[in-house]
Amino acid sequence: MITRETDYAIRLLRTLSDGERRTAAQTAQQEMVPLSFAYKILKKLSRAGLIEASRGADGGCRLVADLEKVTLYDLIEAMGENCRLSGCMASDSTCPWRQAHGNCTVHNHLSEIQTRLNEELKAHTLAAILRDPV
């Protein structure tokens, strides 16, 4: 569920968590993330409002979000991924079984698990993940 891209995003945010401005190359090198991945991830983090990125001689990236308020769920969504167990969890999903029978016990059980999973992902802030060893 947590892709390499999201894993790298957490690592890049770790380097930026001190609030200092750094280049993409500096963050990538510090976290041992391939630079091509770092550029792509930093762009997504910028679009999500988690970092500020600027170009030019004085350019670089700087954390602007409060990681105490950003959850693992938020980051997964910001990376353009989803947290769904199954395709049938999507609101726009059409299921021939449910259309034919009106109810699906598989969907109902997965829906319950999905709710608990979402709650768990939303319970963990990025600040806690970056700060506390388990």
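**Burial, core and pocket in a predicted model**

Mentor: Lysine 43 has its place in helix H3, where helices (H or I, at least four residues) and strands (E, at least two) are DSSP runs numbered from the N terminus. The model is predicted: local features need pLDDT of at least 70, side-chain atom pairs count only at pLDDT 80 or more, and totals for chains, interfaces and linings use all residues. Residues are numbered from 1 along each chain as its sequence is written, and side-chain values use heavy atoms, with hydrogens and water left out.

Trainee: Why is lysine 43 called exposed?

Mentor: Buried means under 20% relative accessible area, exposed over 50%, and partly exposed in between (1.4 Å probe, protein chains only). Lysine 43 has a relative accessible area of 53%, and is therefore exposed. From lysine 43 to cysteine 95 there are 52 residues in sequence and 35 Å in space, C-alpha to C-alpha.

Trainee: What makes glutamate 31 buried?

Mentor: The relative accessible area of glutamate 31 is 8%, so this residue is buried. Glutamate 31 belongs to helix H2. Leaving out residues up to four places away in sequence, glutamate 31 touches Arg11, Leu12, Arg14 and Thr15, contact being heavy atoms within 4.5 Å.

Trainee: Why is threonine 125 called buried?

Mentor: Threonine 125 has a relative accessible area of 16%, and is therefore buried. Threonine 125 sits in the loop between helix H6 (105-122) and H7. Not counting residues up to four places away in sequence, threonine 125 touches Leu67, Glu68, Val70 and Thr71. Threonine 125 and valine 70 are 55 residues apart in sequence, yet 5.5 Å apart in space, C-alpha to C-alpha.

Trainee: What is to be noted about the phi of methionine 32?

Mentor: Phi of methionine 32 is near 55°, a positive value in a residue other than glycine. Most residues other than glycine have a negative phi. Methionine 32 is in the loop between H2 and H3; with a relative accessible area of 73%, methionine 32 is exposed.

Trainee: How do you know how the span of helix H1 compares with the expected one?

Mentor: The expected span is 1.5 Å times one less than the number of residues. Helix H1 (residues 4-16) has 13 residues and reaches 18 Å from its first C-alpha to its last, close to the 18 Å expected. The buried residues of H1 include Tyr8, Ile10, Leu12, Leu13 and Leu16, and the partners of the buried set include helix H2 (24-31), helix H3 (35-47) and strand E1 (51-54).

Trainee: What makes a set of residues a nonpolar core?

Mentor: Such a core is a set of buried Ala, Val, Leu, Ile, Met, Phe, Trp, Tyr and Cys residues joined through side-chain atoms within 4.5 Å. The largest one has 29 residues, and among those touching the most other members are Leu13, Ile41, Leu42 and Leu126. H1 gives the largest share of this core, six residues.

Trainee: How many residues line the largest pocket, and which lie nearest its centre?

Mentor: The lining has 13 residues, with Tyr39, Ala53, Ser54, Arg55 and Cys61 nearest the centre. On a 1 Å grid over the protein atoms alone, a pocket is an open set of points where a 1.4 Å probe fits, with protein on both sides within 12 Å along at least five of seven lines; lining residues have an atom within 4 Å of a point. H3 supplies the largest share of the lining, three residues.
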